[in-house]
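Morning, everyone. I have one model to show, and I will keep it short.

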Amino acid sequence: MTAGTPAHRSRGLYRLLEPAAAYELLQRLVGAGPARGRFVQEILRPRPGDRLLDIGCGAGGLLDALPDHVAYVGYDLNPRYIESARRRHGARGEFHQARAGEPPAEMLAGTFDLVVAKSILHHLDDREAGELMEVARRALKPGG
């Protein structure tokens, strides 16, 4: 990605969801909480001690559905979402502002058991989605 180019859609209806409170309200209205719980229990199935990287974490809503024994790291491009996640979750999770394909280098060291990129692909073009997949590959530890 080149500097100055958005890594997500922020025009039209997407602009309405730029504030974290608006995004979280929409998530509650569409029943995201129970869906996140099912996603964690049926798909992710984290084990004690697992480290999870959430690419495009928004305001960190997935953390609400994760057991306490999971170490959570999330990042998102929207600074409002990151600020909201930090206020809401404190030290329970680690939150960074970054583009989907350009996370902080320490996230690419192959130390994560699980990598999640949900609710983000529709914001990316094909090249950016490919970069996101490369980030996920590099972030996962062997067998992750």
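I will go through the sheet, the helices on it, one glycine, and then some salt bridges. Keep in mind that this is a predicted model.

The sheet first. It is open and has 4 strands, in the order β3-β2-β1-β4, with parallel pairing. The edges are β3, residues 93–97, and β4, residues 114–116; each has a single partner strand, so one side of each lacks a neighbour in the sheet. From one strand to the next, the twist averages 15°.

Now β1 and β4. Strand β1, residues 51–55, runs parallel to β4, and 3 bridges join the two. Leu52 has Leu114 in β4 as its bridge partner. Helix α5, residues 126–139, packs on the sheet and touches β1, β2 and β4. The direction of α5 makes about 170° with that of β1.

Then there is helix α4, residues 79–89, which lies across β2, residues 71–76, and β3. It runs at about 165° to β3.

Leaving out residues up to four places away in sequence, Gly93 touches Leu63 and Tyr72. From Gly93 to Leu52 the C-alpha to C-alpha distance is 10.0 Å, with the two 41 residues apart in sequence.

On to the salt bridges. The structure holds 8, and I will take a few.

One of them pairs Arg92 with Asp68, with 3.5 Å between the closest N and O atoms. Arg92 is in the loop between α4 and β3, while Asp68 is in the loop between β1 and β2, so the pair ties together parts that are 24 residues apart in sequence. Arg92 is partly exposed, at 25% relative accessible area, and Asp68 is exposed, at 70%.

Another is within helix α4, where Glu83 and Arg87 sit 4 residues apart, about one turn of the helix. Their side chains meet at 3.2 Å, N to O. Glu83 counts as partly exposed at 46% relative accessibility, and Arg87 as exposed at 60%.

The last one I will show is Asp113 with Lys141, the closest N and O atoms again being 3.2 Å apart. This pair links distant parts of the chain: Asp113 is in the loop between β3 and β4, and Lys141 is in the segment after α5, 28 residues apart. Asp113 is buried, with a relative accessible area of 12%, whereas Lys141 is partly exposed at 31%.

That is what I have for today.

How values were computed. Residues numbered from 1 in each chain as written. Predicted model: local features only at pLDDT ≥ 70, side-chain atom pairs only at ≥ 80, totals over all residues. Heavy atoms only, no water. Pairing = 2+ DSSP bridges. Axes fitted to C-alpha atoms, helices over the stretch in contact; angles between N-to-C directions. Contact = heavy atoms within 4.5 Å. Salt bridge = Lys/Arg side-chain N within 4 Å of Asp/Glu carboxyl O. Buried < 20%, exposed > 50% of the residue type's maximum accessible area, 1.4 Å probe, protein only.
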